[in-house]
Each structure stands twice: as C-alpha cells, then as structure tokens.
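Q: Please show me how to read the features of a model such as this one, taking one at a time.

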Amino acid sequence: MFPIAFHPIYQHPLPEGHRFPMLKYELLPQQLLYEGTASESNFFQPEVCDLNHVLAIHKKEYVNDLVNLTLDPKAARKIGFPLSKELVERELRIAQGTILCAQKSFETKVSFNIAGGTHHAYSTHGEAFCLLNDQAIASQFLLDNKLAKKILIVDLDVHQGNGTAEIFQNNPNVFTFSTHGKTNYPFKKETSDLDIAFDNDTTDDEFLQTIASVIPRLIETQKPDFIFYLAGVDILASDKLGKLACSVQGCKKRDELVFELCSKHQIPVQVSMGGGYSPEIKTIIEAHANTYRAAKNIF
C-alpha cells in the first residue's frame with residue numbers, strides 16, 4: 001500500500017471569502033478513507049523539515065524572512081496567504097512530507113502528499129500560494145544523499161512550474177517538464193527543460209495525445225531513476241483559474257498514463273497534488289481522489 005503524507009495543519013484557516021480551496025485538504029483524506037481507497041495505515045504525519053534541506057534550494061535571506069515573519073509586505077502579498085507562524089510550519093511539514101514520500105517510493109513504487117506541488121516558489125521568493133518548493137527540495141535531497149542520479153519532474157498542472165524551472169535551470173541532474181495553459185498565469189513564463197503550452201479550451205484528446213507521445217520519449221532519452229509528478233486538477237473545464245477544457249475522466253486518464261509508464265519502467269514516483277479551483281468542492285475532491293484510485297489499480 002502506498003504511503004500518504006498528511007497533517008491536520010494542511011487545512012490552514014484563511015480569511016472568509018479567500019479564493020484558495022483550503023477545505024480540500026480536510027475532505028480528500030476523508031473521502032479516500034470513506035471509499036476504501038486508503039486506510040488509516042496509509043497515512044503518516046510529517047515532522048517539520050530540517051532547514052538545511054530547505055536551504056539546499058532556497059536562499060538563506062528568504063528562508064530567514066519566512067521563519068522570522070519579517071518578509072517584506074509586498075513579497076508577502078505576492079504569496080497570497082496571510083503570513084503566520086502556523087503557515088510557515090505548514091509549509092515545512094509539507095516539504096518534509098514530500099521528502100519522506102520520495103524515500104518511501106523506492107520500496108512502495110508510488111507515494112502521495114495530500115498537499116504540495118508548490119511549483120511557483122522560486123529560490124528567492126514565493127508567489128501564487130507557494131512558499132517553499134516541496135518537490136524541488138525533495139529532488140535535491142535525493143541527489144545529495146545519492147538516492148537518485150537523474151530526476152524527471154513531470155508537472156501537468158494548468159500553470160507553468162515557473163519556480164521549479166528557475167531553481168533547476170543550471171542543474172543537469174534534474175529535467176523539468178511542464179505542460180500548462182498558454183495564456184494562464186504566470187504571464188511571464190520561465191524556461192523549463194521542456195515546456196508545452198496549450199491553447200485555451202484544449203480538450204482531453206489533444207492533452208492526452210500530447211503527453212502520451214512526450215513522456216515515453218523523455219523516459220527513453222533522460223533515463224530518470226526517479227520521477228516527481230505534479231498532478232494538478234486545474235486542467236478541468238470547470239476550473240476557475242484554468243483555461244483548458246479537460247473532463248474529470250480525461251484527468252484520470254492522464255494520471256493512469258503517468259502511472260502506467262512509471263510502473264512499466266520500474267521508476268519510483270512521488271505525487272503532489274497541485275492546484276484545483278473548480279467552483280464546487282466535490283468536483284475538486286473527485287478529480288484528486290481519482291489520482292489515488294488510479295495508483296491503487298496500477299501499482
């Protein structure tokens with residue numbers, strides 16, 4: 001059974017009317033338990049991440065400002081969450097959850113963090129609900145501890161993984177691959193090792209055909225010994241912050257495609273959930289839960 005990182009702090013209180021659907025972090029574990037996709041034994045609570053692991057990715061000045069709550073107000077506004085001690089602790093636990101999941105994946109083949117996928121966090125700053133880049137931190141941890149030699153980051157969120165691209169722009173041991181909406185945030189894109197930008201209203205067929213041809217080629221050419229998968233569900237047609245037109249079933253097929261390739265090539269994979277901003281919370285939960293269902297059927 002696959003491990004799932006979760007801590008109650010993930011469901012962080014936000015001001016009334018805030019557009020980020022924080023409730024999903026409470027409801028998703030409940031749904032997985034209710035339907036039997038996961039049991040209590042799947043879940044573990046991560047501790048706070050060692051700052052040395054964070055500092056392997058993020059600049060010291062930025063980390064100090066976060067931890068000490070001395071971030072410039074303009075920089076804090078760019079993140080989009082009210083800065084607090086609890087929020088910083090939440091981010092450090094999410095990062096540790098992804099590190100531990102990555103380590104566990106070598107035995108379990110696949111692992112999940114209920115949160116994470118904070119790909120807009122740069123080495124020097126945070127933005128768009130992302131403070132610390134969990135998959136970047138975990139990638140560097142694997143490299144530094146000689147647990148992996150070549151990492152492939154597969155980011156299939158509707159928004160470009162701009163922070164991840166910046167962090168690893170000069171690191172040949174990490175290949176960054178991002179699909180995203182061409183006209184979506186971030187409006188100034190960074191340069192990943194491979195970027196594929198979709199036009200507005202791209203449907204399941206084009207999206208799935210594209211990744212079905214690209215990811216096998218990347219596995220063949222890059223020969224990764226570990227994959228980090230960002231399974232954002234904001235590619236849905238219903239998403240408020242996305243501009244693509246994929247269906248819930250198409251989103252599930254995307255996950256199945258990634259997992260089948262990881263299984264076929266025996267590459268361990270860690271999954272962080274990324275974005276999802278459909279108006280109805282049940283749509284977000286169903287799409288996220290499908291990712292876990294797909295993994296349970298394949299691994």
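A: Let us start with handedness: a crossing is right-handed when the near helix is turned clockwise from the far one by less than a right angle, and left-handed when the turn is anticlockwise. Helices (DSSP H or I, at least four residues) and strands (E, at least two) are runs numbered from the N terminus. The model is predicted, so to speak of local features requires pLDDT of at least 70 and side-chain atom pairs pLDDT 80 or more, while totals for chains, interfaces and linings use all residues. Residues are numbered from 1 along each chain as its sequence is written, and side-chain values use heavy atoms, without hydrogens and water.

Q: In which hand does α1 pass α10, and at what angle do their axes cross?
A: Two packed helices are described by the angle between their axes and the distance between the axes. Axes are lines fitted to C-alpha atoms, for helices over the stretch in contact, and angles run from 0 to 180 degrees between N-to-C directions. Here α1 (24–35) and α10 (281–298) cross at roughly 55°, their axes coming within 10 Å. The two are therefore oblique, given that angles under 35 degrees count as roughly parallel, over 145 as roughly antiparallel, 65 to 115 as roughly perpendicular and the rest as oblique. The crossing of α1 with α10 is right-handed.

Q: Which residues make that contact between α1 and α10?
A: Contact means heavy atoms within 4.5 Å. From α1 come Lys24, Leu27, Leu28, Gln31, Leu32 and Glu35, and they meet Ile281, Ile284, Ile285, His288, Ala289, Tyr292 and Arg293 of α10. By class this contact has 8 nonpolar, 2 polar and 3 charged residues (nonpolar: Ala, Val, Leu, Ile, Met, Phe, Trp, Tyr, Cys and Pro; charged: Asp, Glu, Lys and Arg; polar: the others, Gly among them).

Q: Are α8 and α9 roughly parallel or roughly antiparallel?
A: The axes of α8 (204–222) and α9 (248–264) come within 10 Å and cross at roughly 10°. The pair is therefore roughly parallel, with a right-handed crossing. On the α8 side, the contact is made by Asp204, Phe207, Leu208, Ile211, Ala212, Ile215, Pro216 and Ile219; on the α9 side, by Gly250, Lys253, Arg254, Leu257, Val258 and Leu261. These residues divide into 10 nonpolar, 1 polar and 3 charged.

Q: How far apart are the axes of α5 and α6?
A: The axes of α5 (85–108) and α6 (134–144) are 8 Å apart, and the helices pack at an angle of about 45°. That angle makes α5 oblique to α6, and the crossing is right-handed. Among the residues in contact are Ile94, Ile99 and Phe106 of α5 and Ile137, Phe141 and Leu142 of α6. The contact of α5 with α6 has 9 nonpolar, 3 polar and 1 charged residues.

Q: Which residues lie nearest the centre of the largest pocket?
A: A pocket, on a 1 Å grid over the protein atoms alone, is an open set of points where a 1.4 Å probe fits, with protein on both sides within 12 Å along at least five of seven lines; lining residues have an atom within 4 Å of a point. The largest pocket is lined by 25 residues, and His120, Ala128, Phe129, His159 and Tyr277 lie nearest its centre. Its lining divides into 11 nonpolar, 8 polar and 6 charged residues.
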